[in-house]
Every structure is written in C-alpha cells, then in structure tokens.
Amino acid sequence: ELIPLDFIMADFNNQKLYVLSIPKKKTIISKIGETQIDMKKRITAFGMGGKWKGMENSVKIELEMPTLLAPTIERLVKKTLQKNWKDKQIKDKNMGRGYTEWYDISPSSMKGIVFKSIQTLYRKDRLLKRKLKGAS
C-alpha cells in the first residue's frame, strides 16, 4: 500500500491540536481537530457551503497547541464526544471538510474535554507517566 503524499510532506514539527468556534444562531459551536498546516489555510480549506458559505471569517481559534501527540489526543477527544455528547454532534455537510467534528457545545467545554483527554493519556501511557514522575 502506498503512503499518501500529504503524509510524507507533512511537517511534523508543525503538528498541532486545535479547537475552533463559530457563532450559530444564539449559541457558539466548537470543533476539534489536528493539522500540520497553518491554521488560517486550514480554516479556508474547509470549503463551507449553503448557509455557512463565507463564514470561514467568523471562525475563531480557541486553542492551538503544538504537540506531536495531536492525532492521539484528537482520537481520545472524539471518543469522549461520541460517548457523552453524540446528540450534540452537528452533521451538516455544508460545514465542509471535517464537518463531523463540529459539536453544539461551548468552546470552553471542548477545551475542558481536550485537557481531560491529555490527563488520561499521560495517566495511561507508561512512558509519559514515567516522564511525569521525573524518571528518564
């Protein structure tokens, strides 16, 4: 099986986890994701359509965390969201690429889930746990 070119070209020094928000009617919704590309380019690349067309300018970066663990943390966050907030998932294809990662929850709640997932990761991973205890 061939390795996708975008994976080979990815700049792992630029790996980051992000939380975004956008206003929706009287509330603010948020999105989890990870990327290696510049956040402004990433947001522009969503390709929003329908009632969301042109709303990329309203997207706010709530959290941009450089970490090589971004894909793992994102997976843990998504697992938590699917388990506890599945009914809050916004499944509007007009939101473009990554539309399944938008949830009708506040950005502060989404960030809370991110930080809880990081704690879980450090608690469960033996190497990271040892690093926390100061062992080398």
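**Note on the predicted model**

1. In the hairpin formed by β1 and β2, where two residues lie between the strands, Lys25 takes a positive phi near 50°. The two strands pair in the antiparallel sense over nine bridges, pairing being called if DSSP finds at least two bridges between two strands. Among these bridges, Lys16 has Thr35 of β2 as its partner.

2. This is a predicted model, in which local features need pLDDT of at least 70 and side-chain atom pairs count only at pLDDT 80 or more, while totals for chains, interfaces and linings use all residues. Residues are numbered from 1 along each chain as its sequence is written, and side-chain values use heavy atoms, with hydrogens and water left out.

3. The protein has five helices and four strands, and its elements run α-β-β-α-β-α-β-α-α from the N terminus on. Helices (H or I, at least four residues) and strands (E, at least two) are DSSP runs, numbered from the N terminus. Of the 136 residues, 38% are buried, where buried means under 20% relative accessible area, exposed over 50%, and partly exposed in between (1.4 Å probe, protein chains only). The protein exposes about 9,000 Å², of which carbon and sulfur atoms supply 55%; accessible areas come from the Shrake-Rupley method with a 1.4 Å probe, and for residues only the protein chains shown count as cover.

4. Helix α3 (residues 70–84) has 15 residues, which at 1.5 Å a residue should span 21 Å, and its end C-alpha atoms are 21 Å apart, in agreement; the expected span is 1.5 Å times one less than the number of residues. Its residues Ala70, Ile73, Glu74, Val77 and Leu81 are buried. Seen down the axis of α3, the buried residues fall within an arc of 100°, so they line one face of the helix, the arc being that of the directions from the helix axis to the C-beta atoms. An α-helix has 3.6 residues a turn, so residues three or four places apart point the same way. On the other side of α3, Arg75, Lys79 and Lys83 are exposed, whereas the cover over its buried residues includes β1 (16–24), β2 (27–35), β4 and α4 (107–124).

5. Arg42 lies in helix α2 (residues 39–44) and, at 13% relative accessibility, counts as buried. Leaving aside residues up to four places away in sequence, Arg42 touches Tyr18, Lys31, Thr35, Ile37 and Arg97, a contact meaning heavy atoms within 4.5 Å. Arg42 and Glu56, 14 residues apart in sequence, are 10.0 Å apart from C-alpha to C-alpha.

6. The count of aromatic pairs comes to one, under a rule by which rings of Phe, Tyr and Trp (its six-membered ring) pair if their centres lie within 6.5 Å, with planes under 30 degrees apart counted as stacked, over 60 as edge-to-face and the rest as tilted. Phe46 and Trp102 form this edge-to-face pair, at 6.5 Å centre to centre and 75° between the planes. The pair links distant parts of the chain, 56 residues apart, with Phe46 in the loop between α2 and β3 (60–66) and Trp102 in strand β4 (residues 102–103). Phe46 is buried at a relative accessible area of 1%, and Trp102 is buried at 0%.
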